Amino acid sequence: MALFSFLGAIQQVTGSCYLIETHAGARVLLECGMQQGRRKDEAGNRANFPFDPQTLDAVVLSHAHIDHSGLLPRLTAAGFKGPVHVTTATGELLELMLLDSANLQEKDTEWENRWRARLGKPPITPLYTVADTERMLKQRRPHDYGEPFEAAPGVQVTFHDAGHILGSAIVQLDVEDFGRTRRLVFSGDLGNSCSPLMHAPTVLQQADVVLMESTYGNRDHR
Ligand SMILES: [Zn+2]
């Protein structure tokens, strides 16, 4: 079976990030989320990625929420040049959300640097900039629901409607390794309030491995 590394979501609710590696050498990153919340958690966003971004074949994204997508501009700034596979609607939403996030990063940094200057401390740089984000947005590759595509050699991906936000997807990965294909299904965030499993449970039933993220229920998360 392909190696499945949990880089983000194990320790905190936000900041989803999973690395899928096959023995043949394919490397696909599933989600690239930003940690949100306490200042201590947010400091984690500045840590180096626990893998070399330049060695990734592709990124696959289940939906546009910042806790799943927010570090993408940082990933490309760190050298990732491959495609970012999204649904068509997620691709559009991503532009709004990440540019907004980048604007916030720049403004927060500007404000903080004013204080730092008064205290004689050296300035800090934003987590990422609008320019980083615009570069990243060029790497988007939109796909329709139900249309399989190859994210990397031996890694076929199909998006299914997750009913969470506009464009959100359950991500089906058919991973070929050692001559066998196994189906891994990533739930992303499912549903929005009352019926979290309303959409596409058949996808989940056909999987060899199901990775479920806790549903947020009525809780609001950006
Ligand atoms: Zn979400």
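Colleague: Which residue has its charged end over the ring of Trp115?

Modeller: In this predicted model, that residue is Arg118. Its charged end sits 4.9 Å from the centre of the Trp115 ring.

Colleague: Turning to ring pairs, how many aromatic pairs are there in the whole structure?

Modeller: The search finds 4 aromatic pairs. One of them joins Phe49 and Phe51, whose ring centres are 5.5 Å apart.

Colleague: Why does the pair of Phe49 and Phe51 count as tilted?

Modeller: The planes of the two rings meet at 35°, so the pair is tilted. Planes under 30 degrees apart would count as stacked, and planes over 60 as edge-to-face.

Colleague: And is Phe49 buried or exposed?

Modeller: Phe49 is buried, because its relative accessibility is 14% and the cut-off for buried is under 20%. Phe51 is buried as well, with a relative accessible area of 8%.

Colleague: Which strands pair with E9?

Modeller: Strand E8, residues 155-161, runs antiparallel to E9 and is joined to it by 7 bridges. Strand E10, residues 180-186, also pairs with E9 in the antiparallel sense, over 7 bridges.

Colleague: What lies between E9 and E10?

Modeller: The two strands form a hairpin with 2 residues between them. In that hairpin, Phe178 takes a positive phi near 50°.

Methods. Residues numbered from 1 in each chain as written. Predicted model: local features only at pLDDT ≥ 70, side-chain atom pairs only at ≥ 80, totals over all residues. Heavy atoms only, no water. Phe/Tyr/Trp six-rings, centres within 6.5 Å; stacked < 30°, edge-to-face > 60°. Buried < 20%, exposed > 50% of the residue type's maximum accessible area, 1.4 Å probe, protein only. Lys NZ or Arg CZ within 6 Å of the ring centre and 35° of its normal. Pairing = 2+ DSSP bridges. Helix = DSSP H or I, 4+ residues; strand = E, 2+ residues; numbered from the N terminus.
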